[in-house]
Each structure stands twice: as C-alpha cells, then as structure tokens.
Amino acid sequence: MSIFNSAQEFRESLEKLPREDILDIIRSQDPELIKQINRIEWVFENKLSHLSWNDGTPVAGRKMTNRELALLVDEPFQVDKELLAAGVSAEHQKQLHIAKDSVVWAKNFLGANLRVYQILILRDPSLRKVLRAGRRLGKTFSLAIQLLHYSYTRKDGRSLVIAPMKTQVELIYQEILRIASKNEVVMNSITRKITSPQFMIQFSNGSTIRFFTSGMRSGGKSDVARGQEAHLIILDEMDYMHADDLDALYAMLQKTAEDQPDKVLIGASTPTGRRERFWEWCNSKRFKEFWFPSYCNPFFSKEQEEEFREQYSSSGYRHEIEADWGEDSEGVYPRKFVDRAFLSPGWQYEASLTSARSFHVIGVDWDKYGAGTNIVVLEACSENYEDPRFRGKVRVCYREEIDKSEYTLTKAVDRIIELNKIFNPKHIYVDRGYGEVQVELLKKHGVENPSSKLKEIVKGIGFGESIEVRDPYTKLMIKKEMKPFMVDNLRQFLEKENLFMPEEDEELYLQLISYVVVRMTATGRPVFEAGGSAVDHAHDALMLALLAITQNYGEFSKSTVANNTDTFSNEFFIPKNDKEEESKVYITGRVSALSARRSAKRSGTTGINRKMF
C-alpha cells in the first residue's frame, strides 16, 4: 500500500519547499517546463487585463502556486524494502510506480511530451474537474491520455465519453487509437473496437470505454447513456449540452456498490457565453476549474493571433481563444422552440421530389472566407400532404454544404442549376453580399435556358439592405432592416411551430441555438453572430429560403393560395407549359376574397382558397 500512499506524501512535502527550490527541481527534470510556466504567468499578467476572474476581480496576474508546481514534478522511483520482503520484486515495484501516475505512464509507454497545463489536469487528484480551454490547447489529447491510462491500468474499468454530436465523440475515439498505436503492447491490449451503433473500445483486462452522443436538445439522446455503469465520465463540449441532460448524467456519479471506488467526472468545453451548467460548475466549489486561454500553447504565435482576430468577431475571439465567458449572450431563438422544430423520427436529406402536394423554395448562402456554399431547400406542404405532421407547414427537405476543398464558383453555380431541375422551386433567394457574380451567372443561364426560369426566380438579397413591409396596425408600408427582419421571420416560424427539421441534422440545430445578440447599436439595432465554435452559414441559407416564402406568400407565413384543380402529379412530374403554370395564382393573406376571385377568374382557376400555414 505504501507505494500508492507515498505519492501524496511526496507532493505534500514538495509544497512546503520555497517556490524557487521547487522550480529548481522542475528545471533539473525538464527545462522546457520552466519556459512554459513563465509563458503561462506572462499571459495572465499581460494578455488578459480586460477580463475578470469568476469572482469579478480583474485578471492582473496568475502566479502558479506551490501546489501546482509540486504536481509538475515526477516522483522518483525508490525500491520499497517492505514490499521486497512481501515478495514484490524491484522490477514489479517499478512497473507499479509507472502505472499509478498517468503522466509518468504516458512518458514511458507512449513517449508523450506533455505540456504544463496538461500535466496539471491529469495529475490533480480532484474527483470533479472542469476544463475551460481555448482552441488548440490539446484538450482532446489530454482527455484521451486520461481514458487510455485509466482503462489500461485497471481491471474491469468502466469509462464513458459523452458529447453533443457524433463527430465530437469520434474525435476522442480516434485520438485514443492514435495514441495507443505508439506502443505495441498498449495497442495489443485493445481486443475490440467498434463504431456502430455506438463507438466502443474494449481491453484485454475487461475495461471498456463507451462513447455516446447526448444530443443538444432537451431530452435528447443522453438517455441511452443513463443506464450505463461508469467509474470515469468525460463530458466533452458540455456547454452545448442541455442542462436537463447534464443533470441526469450527473446523477450517474452515485455509487452502486459499497466497495466501489469514488467516481471521477471531467467536463470540458470552450465557453459559448451561456450561463448554464458549465458556467455553474466552473463557479462551484465542488469542482476544480482549469482555465487556460490559447495563448498558453507554447506554439501560439503573433501571426496566429492576428489570423484569429481577423477570423472571429470580438466576442467570438473571447470565447474561442481566450476561453472567457464574455457577456451573457442572449439566444435569438429560445431553445424550447428550436427543440420542438426538430422532429424524431426525422428523415434523410435526398435531392429528389417526395410529394406532389407541395412546392419548394431554395436559399443559398456564400461564405466570404470561401468556406463553401450552403444550400437549404424548403418544402411548403399542402393541407392534404401525405405525412400529417407537415400539413400546412414548412420542412427542410434537403440541405447541402459544398465543402471549401471542393468549392469553385463554377461548381457552386452548376449545383444550384442541378437542384433547380430536381426541385423546380418557385423561388431561389441568394445572399448577394458575397454572391453578386453568382446571381448574375444564374440569371444569365436563365436567359440562355428559358425553361429553367432562373431569370425570374433567382433573387439576390443583401443582408445590409432595407425591406418594405406593411405595418399591421397603421397598414402603411414601412422600411425595416433586412437582417433583423429575416431573424424575426425565422423566430416566428419557430414560435408558431410552422417549421420542421430532422433530428439528425445536428449541425443546423447547433447553429440555431448558438445564434446570439452580442450587442445593440446606438440606434437600437441588434448585432447578431454565431456564438462559441458554431458558424451560421446554413442558418443564413435557411433565413433566405423562409424570406422567399414570407415575401411571396404573406408576411410571417400568413397566406392564402388559390390552386387550380388539376392533379398535382402533372405539375411536379410532367413538365407544364407556361400557360398552365400561370394558371396557379398566389395571393397573400391581406388580399380580399373579392380580389382573389378576380385573380382566379383572370387566370382560369376555380378560385378555391386554402389556408397554407
């Protein structure tokens, strides 16, 4: 037993030494760590004066404590004579010495060069830890070392990794396998690794690491993990997880047997600006918080800082690089409305028509940094739509992102032309801010190919423009700024439960819940952006498509449509001539019944009106 108790005694004795003596010991073991200590202390003294600690006091410096410095020292191996007398050989004692310390084990077995903040995270004995870390600090590497060491050195160890999305748990899964491959013995100890239906790694000693997605919605997929037994629980990107699910997962820390060891919980995330469970845990005395901005990375350079400042907004930079909470960001779309909009069971996105009882509109967003083209296809469903869930509603039937590695102007335009042929949309609304040339190319194609109707249906929208709408009280036309109008339009679709998306589209869900108001201008105009690590390109394409519906069929989805009485299948699956197409008349909810009948009479329809939304 003394071989395990000696570590605590060793660290306690180190803490009592003068600071300079501890630094000398660290210097003798690894001079590189001294440089990193100096860097961390310099960062907190010189780079973060505009930020505050959790108690509200300004960040004016952060000298590493003797307790922290003691954690950086590798405990030397000494043969225990009592264990020798008990039959434990010196070599066996050495192996036990290496196995008990995840840092020493990683150095000896994996050849790992761990950074100061990674050593602190791994060696701190706290049972409840939260990592508030900037990007590119090696958070995933630290978590993978913790999981691999725990599983390799314990018989029948049970570890759980939970993150909002599958791509996030897969990243840790792959990192564990990558690290394990550094040592043949460690790699051979892995007897089974599977990726479906859930990721799982099994070891020859009976230990397992299971990976689950919580989903980001309330009551999402975390119920799959709740029945699992675990001694080590890792929650990655937890600031994107729903508070209700985190509370349920926290309850898993209860012991299920008297002889069970204490369970360990580690939560990690980059702050999003929300004041939810991650913020509460970081401010709780029950948890040991580790806060390290990206500046603490030994390889973070001035050039990288300039690049990131150019890429992120000021609040985004505070979240992503400085790992700071920033202002208490207000979510534009209340989460309860977003939750209701994502249906389960969902549906797969397929570029094909699925019903004759609907029509389509397309929204297209071009990213100014060349990240790609985002395309959202909305299906406006009739009152007799096959699936009763969508009757009189709008659903995202298809979404596509052309990856930046594939992005060229020609490919993006060609793809929109292809989707136009497939969906025969009534309108295509395109972000004109960074897509003016693309708009002209689409219209040019429409001139050269009149049957495509691209000349008529493509419309460029500038987010900085104004839009004329009718005031519901004065009935007068007034001007509103385009982007706030589109945001409000999307919010009303959500609040009225007129818009649905598949549960499987986690990326779109993330963009919606992460869209925040970061500040108000002097004139009272809100300034929006995607919070945390989220982007907003699919969100913007969705807003454009919804604007097409609102502008052409009634403000905020209040519209009436006069339909001709011939079968829908002819319209959707057999090309119609121009005269037949003109026979369908769309009128807004503000048009009187008399005007509707006149319009129907002029176009040859029966004048049958129906409420769409």
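Reader: What joins strand S11 (residues 358-366) to strand S14 (residues 427-431)?

Author: Four bridges join S11 to S14, and the two strands run parallel. Strands count as paired if DSSP finds at least two bridges between them, so S11 and S14 qualify. Val364 stands opposite Val430 in S14. This is a predicted model, in which local features need pLDDT of at least 70 and side-chain atom pairs count only at pLDDT 80 or more, while totals for chains, interfaces and linings use all residues. Residues are numbered from 1 along each chain as its sequence is written, and side-chain values use heavy atoms, with hydrogens and water left out.

Reader: What is the order of the open sheet of seven strands, and which are the edge strands?

Author: The order is S10-S18-S13-S12-S11-S14-S15, with mixed pairing. Strand S10 (342-343) and strand S15 (458-461) are the edge strands, since each pairs on one side only. Strands here are DSSP runs of E, at least two residues long, and helices are runs of H or I of at least four, numbered from the N terminus.

Reader: Why is helix H23 (residues 537-553) called largely enclosed?

Author: Because 15 of the 17 residues of H23 are buried, the helix is largely enclosed by the rest of the structure.

Reader: How do you know what H23 should span?

Author: The expected span is 1.5 Å times one less than the number of residues. For the 17 residues of H23 this gives 24 Å, and the end C-alpha atoms are 24 Å apart, so the two values agree. H23 is followed by Gly554, whose phi is positive, near 120 degrees.

Reader: How many residues does the chain have, and what share of them count as buried?

Author: The chain has 613 residues, of which 53% count as buried. Its secondary structure comes to 26 helices and 23 strands. Among contacts (heavy atoms within 4.5 Å) between residues at least 6 apart in sequence, 70% join residues at least 24 apart.

Terms used: Buried < 20%, exposed > 50% of the residue type's maximum accessible area, 1.4 Å probe, protein only.
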